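Please open the model in your viewer and keep the selection panel at hand. The tour below goes from one selection to the next and says what is there.

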Amino acid sequence: MTRRWLQEILYLGLLLIVALIVGWFIGHVGRWLSIAVTIYLAWHISNLYRLERWLRYSRRFDVPSTFGIWDDIFNDFYQLKLRERERKWRLVQLLREIRDSTAAMPDGMVILDRVGEIRWMNEAAGRLLHLRVRQDVGQRLVNLMRHPDFVPYLNGSRYDEPISLASPFSRSVYLSMSIVPYGSEQRLLLVRDTSRLHRLEAIRAEFVANASHELRSPLTVMHGYLDAMREDERLRKTWGKPLDEMHHQTLRMTAIVSDLLELSRLETEQRQAPYSPVNVAKLVLGIRDEALSLGQGPTNIIMKVDAGLFLLGAEHEIYSAFSNLVFNAMKYTPEDGSVTITWARENGDACFTVADTGIGIPAAHIPRLTERFYRVDVSRHRDSGGTGLGLAIVKHVMQHHGAILVIDSEPGRGSRFSCRFPPERVSCAIDKVVTA
Ligand code: ADP
């Protein structure tokens, strides 16, 4: 028990003793005692009343003056109020700082609720998305921004990758948008202006395309001279090996240059591939013959091709992608292995698969295979004579067709490259399976 409480009990005791003494001298002890208790009770009730008023209505911080235990109680409440006021002030300061810093951010931020209504946005978001910071709060974002790529992204649930799109309000502005879900079904939309990056990327692609184009003619000339020199018997005697090597290297450079040109073309092509019917069965027969004439890999290719299944796309791009996959399978599979090409429907999609029983690829390399010039193993790459651009071309062709490339592989057991095309890219003729 604290000193204050002992004091309080002492006060009550004294009051009762005084009442007792007065009652003893004057008479009616009981009456005096009950008067004393009533006074004591009245004092407590009046303090309770003052406390309740003070807590409820008082905006001021002066403590009502009293004495005894109530002095302590008022002081304790006063300390509580002070601490509360300080906490509130710190929170307000923090909120103000967050608001000021997010407002000053060059990236746009929009807070969306469960149904996609705007709850808050910063000025950059207003500027980038052409929204009015005050008026548009409370509106559904999809009603204000009806971009065909953005709406499915926002309404979907896969937010692991940001999307890039050309701003619907200005042709020269490119935006990267990403959504971060948080709290109870709330989402934070982050918008970044990537126009500068886009411009640099365009300059880079243009440079690569121009450089490749310029390299073409000198390479053709060199190749022509080397061909002529290789046919000269006198030169062959002394320079045979270097000439063959130079010839081989010019062939490789020509292949790299034409792959670079193909990649640049695919990269700069903004539109989706056209929806022209492609007879995949026929195309694949041509690729198979070409692959067998390479003189590398197995001597037979197993085909499981649905001849009635047509693809809607750009034939030359499809040829480029499928032939790259088949030629790779031949390059990385020994003669006694096998390569199987499958073209079939799978759950509404159409799937082109090249499976081989070759050397395979360690799992750590698979996510990076479609990068330009990515090599699993430099010596393997040099032996194969590849350009290192084949799978990058395949990836771009797939993107152009709204398709995906799935790679499965196990070292020593073989690889499986599947191109999965969505139903809108598939057209059916009479179903007929070609096997060879
Ligand atoms: P390259 O011209 O070197 O074949 P690609 O882009 O086509 O370039 O392939 C990238 C790398 O992926 C290759 O260097 C090779 O190491 C690996 N690769 C591709 N296809 C296969 C396959 N079927 N089996 C094993 N490794 C493969």
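**The second largest pocket**

Begin by selecting helix H10 (315-331), which gives the most to the lining of the second largest pocket, with 9 residues. Helices (H or I, at least four residues) and strands (E, at least two) are DSSP runs, numbered from the N terminus. This is a predicted model, in which local features need pLDDT of at least 70 and side-chain atom pairs count only at pLDDT 80 or more, while totals for chains, interfaces and linings use all residues. Residues are numbered from 1 along each chain as its sequence is written, and side-chain values use heavy atoms, with hydrogens and water left out.

About 900 Å³ of space lies in this second largest pocket. A pocket is an open set of points on a 1 Å grid over the protein atoms alone, where a 1.4 Å probe fits, with protein on both sides within 12 Å along at least five of seven lines; lining residues have an atom within 4 Å of a point. A volume is the space filled by probe spheres set on the points, which are joined across faces, edges and corners. To find the centre, select Asn324, Asn328, Lys331, Gly386 and Thr387, the closest to it of the 43 lining residues.

**The largest pocket**

Next select Ser164, His198, Gln270, His396 and Gln399, which lie nearest the centre of the largest pocket among its 42 lining residues. The volume of this largest pocket is about 1,800 Å³, and H7 supplies the largest share of its lining, 7 residues.

**The H7 and H8 pair**

Now show helix H7 (residues 195-231) with helix H8 (residues 233-268): their axes come within 8 Å and cross at roughly 155°. Axes are lines fitted to C-alpha atoms, for helices over the stretch in contact, and angles run from 0 to 180 degrees between N-to-C directions. H7 and H8 are therefore roughly antiparallel to each other, a term used for angles over 145 degrees.

**The five-stranded sheet**

Finally, display the open sheet of 5 strands, which follow the order E2-E1-E5-E4-E3 with antiparallel pairing; two strands pair if DSSP finds at least two bridges between them. Strand E2 (118-121) and strand E3 (163-166) stand at the edges with a single partner strand each, so one side of each is left without a neighbour in the sheet. Within the sheet, strand E1 (residues 108-112) runs antiparallel to strand E5 (residues 186-193), joined by 5 bridges, and the bridge partner of Val110 in E5 is Leu189.

How values were computed:
Angles under 35 degrees count as roughly parallel, over 145 as roughly antiparallel, 65 to 115 as roughly perpendicular and the rest as oblique.
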